[in-house]
Amino acid sequence: MWATELTAVDLHVSLRRHPALRGTDLSCSGGTTALVGPNGSGKSTLLRTIMGLTAATSGLIHVAGRTIPGELGKARDCSGHLPQRSSFQGVGVVVGVLVGV
């Protein structure tokens with residue numbers, strides 16, 4: 001098992017010109033972390049921004065000492081994203097994980 005540090009500082013994200021995250025801070029180090037909250041609270045937006053799938057308006061993100069988006073490729077080497085639905089027709093979640101889809 002390996003530990004990964006994740007830090008987000010004063011993160012702001014807008015989707016279609018509407019603020020989705022405002023001044024969000026997050027700090028996780030090793031182990032398992034759960035991100036919980038009601039629908040529309042920004043959980044998916046936060047995760048997508050950390051993974052570099054959604055652009056932050058401002059703020060800083062560090063994954064395992066790598067700055068997002070500057071060192072996104074290196075940060076992705078030690079992190080993962082498993083969406084609830086696959087965008088590839090006919091590919092199940094388990095298959096998507098195994099082949100890296």
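## Strand pairing, a hairpin loop and a buried threonine

Strand β1 (residues 5-15) and strand β2 (residues 18-29) run antiparallel and are joined by 8 bridges. The model described here is predicted. At one point of this pairing, Glu-5 has Ser-29 in β2 as its bridge partner. Strand β1 also pairs with strand β3 (residues 58-63), again in the antiparallel sense, over 5 bridges. Here His-12 stands opposite Ser-58 in β3.

The hairpin of β1 and β2 has 2 residues between the strands. Arg-16 lies in the loop between β1 and β2, and Arg-17 has its place in the loop between β1 and β2 too. Most residues other than glycine have a negative phi. Arg-16, however, has a positive phi near 55 degrees, and Arg-17, which is not a glycine, has a positive phi of about 65 degrees. The table sets out the two loop residues.

| Residue | Phi | Relative accessibility |
|---|---|---|
| Arg-16 | near 55 degrees | 79%, exposed |
| Arg-17 | about 65 degrees | 81%, exposed |

Arg-16 counts as exposed because its relative accessibility of 79% is over the 50% cut-off. Arg-17, at 81%, is likewise over 50% and therefore exposed.

Another residue to look at is Thr-45, which is found in helix α1 (residues 43-50). Thr-45 has a relative accessible area of 14%, which is under 20%, so it counts as buried. Leaving aside residues up to four places away in sequence, Thr-45 touches Val-13, Leu-15, Ala-20 and Leu-21.

How values were computed. Residues numbered from 1 in each chain as written. Predicted model: local features only at pLDDT ≥ 70, side-chain atom pairs only at ≥ 80, totals over all residues. Heavy atoms only, no water. Helix = DSSP H or I, 4+ residues; strand = E, 2+ residues; numbered from the N terminus. Buried < 20%, exposed > 50% of the residue type's maximum accessible area, 1.4 Å probe, protein only. Contact = heavy atoms within 4.5 Å. Pairing = 2+ DSSP bridges.
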